[in-house]
Amino acid sequence: MQTLGRSDTEGAAPGPGEAAPESHLAGFFHVGFGAAELGLLALGATLHVLAMPPFDLWFLGPFILTPLLVVLRGKSPRVALSCGFLFGSMAYVGGLHWFAGLFGAFAVGFWGLLALFCGAFAGLFALLQRWWGYRRALLIAPPLWLAVDFVRCELWPLAYVWLSLGYSLHSQPWLLAVASLVGVYGLTLLLAASSAALAALLSLRDRWASSYVTVVALVGVTLVLAAPGTSAPQTAAAATTRVRLVQVEDNLTLGLRLAASPGLQPNTVVVFPEYATLDSPLQQPGIRRGLASFARRHRVYLLVGCVEYH
């Protein structure tokens with residue numbers, strides 16, 4: 001096992017006595033890390049779970065990827081792939097445990113698919129480390145994580161948007177306001193950069209690592225100060241906005257009936273997430289007229305998910 005305080009080897013393979021021999025797992029995945037590194041991966045996964053709902057310990061967000069990046073130092077791409085997969089498996093099983101009740105035994109497959117994205121990040125990081133060294137790989141790690149996350153959330157057909165790092169800041173208006181400048185992916189990039197800077201500080205402990213931390217901190221502070229609304233007090237109207245969430249699957253009639261249940265007040269935002277209807281209100285005038293009539297009658301705002309627009 002590598003020690004955190006040794007000099008930067010720029011991604012070179014560990015010499016004799018520096019790392020345990022790699023053993024093979026299922027022909028493709030390889031394990032070449034000890035109990036301490038396994039503990040670090042578990043720590044990172046635990047931080048991931050605790051930073052997200054329902055725990056919402058948002059201040060853990062900047063540290064989520066740090067243990068993984070520390071473990072990846074000097075690892076081969078195959079070992080890194082298994083490290084990332086293991087980290088992702090623990091993080092997503094903990095954060096998306098409700099998959100078991102929804103999908104039964106098939107939840108294992110969904111957890112595994114999500115974990116593969118973490119494995120892909122780790123494997124690509126190890127390749128960059130092999131080519132350009134650990135320092136440069138840490139500089140590229142934040143945009144690399146963002147790219148893999150964007151593919152998972154937007155480009156992959158299943159579009160798994162759950163638990164992106166930026167969502168861990170949803171409970172803090174003064175941080176969430178930054179999303180108006182950079183979006184949720186900008187928040188994810190900032191948190192990934194924080195983790196990479198901290199990994200550099202823990203692993204390298206030199207002036208370059210300290211400079212990395214300083215730059216990331218300055219960028220974060222600048223974004224917070226530049227974000228609209230972070231310095232202005234919240235208005236009474238913003239503080240009292242009501243939201244009613246109605247979860248139905250392709251049954252908009254039932255959804256509207258549930259939305260109109262007692263307690264619905266004017267100016268409430270009524271949200272029908274995911275697939276409240278399999279038809280597009282933009283293509284079906286009858287649906288559009290029905291929604292408009294409901295909104296006028298109850299004086300509310302509607303956000304309706306459908307197949308084309310969700």
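Predicted model: local features only at pLDDT ≥ 70, side-chain atom pairs only at ≥ 80, totals over all residues.
View 1. Once the neighbours within four places in sequence are left aside, S195 is in contact with G61, P62, F63, I64, L65, T66 and L69.

**View 2. The chain as a whole, for orientation.** The secondary structure of the chain comes to twelve helices and five strands, and 43% of its 310 residues are buried. A search of the whole structure finds three salt bridges, which are taken up in the next three views.

**View 3. The salt bridge between E37 and K75.** The side chains of E37 and K75 meet in a salt bridge, with an N to O distance of 2.8 Å. Because E37 belongs to helix α1 (residues 35-51) while K75 belongs to the loop between α2 (66-71) and α3 (77-95), the pair ties together parts that are 38 residues apart in sequence. E37 is buried, its relative accessible area being 5%, and K75 is likewise buried, with a relative accessible area of 10%.

**View 4. The salt bridge between R135 and D206.** Here the side chains of R135 and D206 meet in a salt bridge, the N to O distance being 2.7 Å. R135 lies in helix α6 (residues 134-155) and D206 in the loop between α8 (179-203) and α9 (207-226), so that this pair ties together parts 71 residues apart in sequence. R135 is partly exposed, with a relative accessible area of 21%, and D206 is also partly exposed, with a relative accessible area of 21%.

**View 5. The salt bridge between R152 and D149 within helix α6.** R152 forms a salt bridge with D149, in which the closest N and O atoms are 2.7 Å apart. Both R152 and D149 lie in helix α6, where they are three residues apart, or about one turn of the helix. Both R152 and D149 are buried.

View 6. On the surface, E249, D250, E274 and D279 gather in a patch of negative charge. E249, one of its members, is found in the loop between β3 (243-245) and α11 (252-259), and this residue counts as partly exposed because its relative accessibility is 46%. The nonpolar patch, also on the surface, is formed by W98, L102, F103 and F106, which together have about 450 Å² of accessible area. W98 lies in the loop between α3 and α4 (99-103) and, at 37% relative accessibility, counts as partly exposed.

View 7. R205 lies in the loop between α8 and α9, and its phi is near 55°, a positive value in a residue other than glycine. R205 is exposed, with a relative accessible area of 58%. S211 is found in helix α9, where its relative accessibility of 38% makes it count as partly exposed. Although S211 and A200 are eleven residues apart along the chain, their C-alpha atoms are separated by 9.9 Å.

**View 8. Backbone geometry in two further loops.** The peptide bond from P53 to P54 is cis, with omega near 5°, and P54 lies in the loop between α1 and α2. N267 is found in the loop between α11 and β4 (269-277) and has a positive phi of about 70°, although this residue is not a glycine. N267 is exposed, with a relative accessible area of 52%.

Definitions and conventions
Residues numbered from 1 in each chain as written. Heavy atoms only, no water. Patch = residues over 30% accessible without salt bridge, like charges linked within 9 Å, V, L, I, M, F, W, Y side chains within 5 Å. Areas by Shrake-Rupley, 256 points an atom, 1.4 Å probe, with all protein chains shown as cover. Salt bridge = Lys/Arg side-chain N within 4 Å of Asp/Glu carboxyl O. Lys, Arg positive; Asp, Glu negative; His and termini not counted. Charge placed at Lys NZ, Arg CZ, Asp CG, Glu CD. Helix = DSSP H or I, 4+ residues; strand = E, 2+ residues; numbered from the N terminus. Buried < 20%, exposed > 50% of the residue type's maximum accessible area, 1.4 Å probe, protein only. Contact = heavy atoms within 4.5 Å.
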